[in-house]
Amino acid sequence: MTQAGRQSSPRNGSGRNSSGRNEAKGGAGRSNAGGFSGRGGSAGAGKRNFTQGEGRPFKASKPREAAPFDPDNPTSAGDYDRGQAARPAKPFRKPGSNKPGFGKAPGTPGALKPKPKQAKQFGSKAFGSERFGQNLGPIRKPGRNRGPRQEVPQSDLHDVDGVRLQKVMAQAGVASRRVCEEMILEGRVEVDGQVTTELGMRVDPTSAVIHVDGIRIQLDETLVYMVFNKPKGVVSTMEDPEGRPCISDFLKNNKNKGERLFHVGRLDVATEGLLLLTNDGELANRLTHPSYEVPKTYLVQVRGPFPQGVGAKLKNGVELEDGVAAVDSFKLVDSTPGHVLIEVVLHSGKNRIVRRMFDAVGFPVERLVRVKVGPIGLGDQRQGSIRNLGRQEVGHLLASVGL
């Protein structure tokens, strides 16, 4: 390539628009159709030239007038500043008013179905710090008609020589005294069947019957309530003349060893599970009386397979030598090759009633365990062990028989 060609080559600086570069450095800058001048040393360098294509000058908008303030409609000024006309406030509409049937009387065709009312939830729960009795469900009361409740003035329930109600509740383990006062003010406490909301009320702990959220508070500290998980082969008695293992053998290491206790109901020697022990004679009598219909839950193991229709037969009733007997509920729990585990609930307290019923339908019982009496269940209690009921469990148990 010749010398002249090299000089005119694009790689050579002389081939570029060197004049434009020099102008950019020292003279007029670049300009574009938008009217913006670039960086340069001219008089207008660094400033925008607000001129449009036809040379018309740019006119800034006039400032808006101050918005008039309307005290009856404070939002009108903001709407004025945004260039919007003042709008009247939207009328209030109830939720669900756009649904068909809104406003119609309940029970009329096309009317909306009323939502079920939810029970009021309180912040503090009675006996909330106890280990047992937290999931016993709602209070179950017997379905006996005791007649209308008589209204008694709260002044008649006040005992001048008694103890303040909130103190009695706190000593019974319901909650702290401050929380007990809140329970009283919320109308959750009953004294002798009457709701009280007076913090200054005094009661006699030896005679007053107090309920919190429907749970009876047992104020007699001499009464004992226990659960015994009876193993197979133990006789349901405190003493056995034949020398067989009995309940008293498992009370040797218990602090209530010398206490005279009753066992509520009986379990035959081959049956395992829950037995209630107490020195409360009135409670023991009511739990065993058929008129209170206290439910008892059993797990029954029989030979499988278990055909359909047998469960319905047990629910409808089977004929026994002492009359017709039926279960309240029947549920298949588990099935393994050759064995079936069934849960039944019944309120009858007749001798060996579960075994006799299954014998009547052709499925002799292989193993029988009672897991629940009323609201009290065994849970994970070790077999052969005895534990004291919590105060909440005692309250549910007393309420189930109307105490």
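Arg352 is partly exposed, with a relative accessible area of 43%. On the scale used here, buried means under 20% relative accessible area, exposed means over 50%, and partly exposed lies in between, with a 1.4 Å probe and protein chains only. Before going on: this is a predicted model, so local features need pLDDT of at least 70 and side-chain atom pairs count only at pLDDT 80 or more, while totals for chains, interfaces and linings use all residues. Residues are numbered from 1 along each chain as its sequence is written, and side-chain values use heavy atoms, with hydrogens and water left out.

Back to Arg352. Its side chain meets that of Asp268 in a salt bridge, 3.9 Å from N to O. The criterion for a salt bridge is a side-chain nitrogen of Lys or Arg within 4 Å of a carboxyl oxygen of Asp or Glu. This pair links distant parts of the chain: Asp268 sits in the loop between β8 (262-264) and β9 (272-278), Arg352 in the loop between β14 and α9, and the two are 84 residues apart. For the element names, helices (H or I, at least four residues) and strands (E, at least two) are DSSP runs, numbered from the N terminus.

How many salt bridges does the structure hold? The count is 13. I will take a few of them.

Arg356, in helix α9, forms a salt bridge with Asp322, with the closest N and O atoms 3.1 Å apart. Here too, distant parts of the chain are linked: Asp322 is in the loop between β11 and β12 (323-325), 34 residues from Arg356. Is Arg356 buried or exposed? Arg356 has a relative accessible area of 17%, so it counts as buried. Asp322, at 39%, counts as partly exposed. Leaving out residues up to four places away in sequence, Arg356 touches Leu320, Glu321, Asp322, Lys350 and Asn351, where contact means heavy atoms within 4.5 Å.

A local case is Arg286 with Glu282, whose side chains meet in a salt bridge at 2.7 Å, N to O. These two are 4 residues apart in helix α7 (residues 281-288), so about one helical turn separates them. Arg286 is buried at 15% relative accessible area, and Glu282 is partly exposed at 39%.

There is also a network: salt bridges link Glu186, Arg188 and Asp213.

Next, the nonpolar cores. A nonpolar core is a set of buried Ala, Val, Leu, Ile, Met, Phe, Trp, Tyr and Cys residues joined through side-chain atoms within 4.5 Å. The largest has 22 residues, and those touching the most other members are Val300, Val302, Phe306, Val344, Val354, Met357 and Phe358. At least two residues of this core come from each of β10 (296-303), α8 (310-316), β11 (318-320), β14 (339-346), α9 (353-360) and β15 (365-373). Take Met357: apart from neighbours within four places in sequence, Met357 is in contact with Leu314, Val318, Leu320, Ala325, Ala326, Val327 and Leu346. A second, separate core has 19 residues, among them Leu276, Tyr292, Val294 and Val373.

Now helix α6, residues 177-185. Which of its residues are buried? Val179, Cys180, Met183 and Ile184 are. Viewed down the axis of α6, these buried residues fall within an arc of 145°, so they line one face of the helix. That arc is taken over the directions from the helix axis to the C-beta atoms. Arg178 and Leu185, on the other side of α6, are exposed. The cover over the buried residues of α6 includes α5 (165-171), β2 (189-191) and β5 (210-212). Just after α6, Gly187 takes a positive phi of about 75°.

Two strands pair if DSSP finds at least two bridges between them. Glu190 stands opposite Val195 in β3.

Last item, the cysteines. How many disulfides does a search of the whole structure find? It finds 0, with a disulfide taken as a pair of cysteine sulfur atoms within 2.5 Å. Cys180 is buried at 0% relative accessible area, and Cys246 is buried at 4%.
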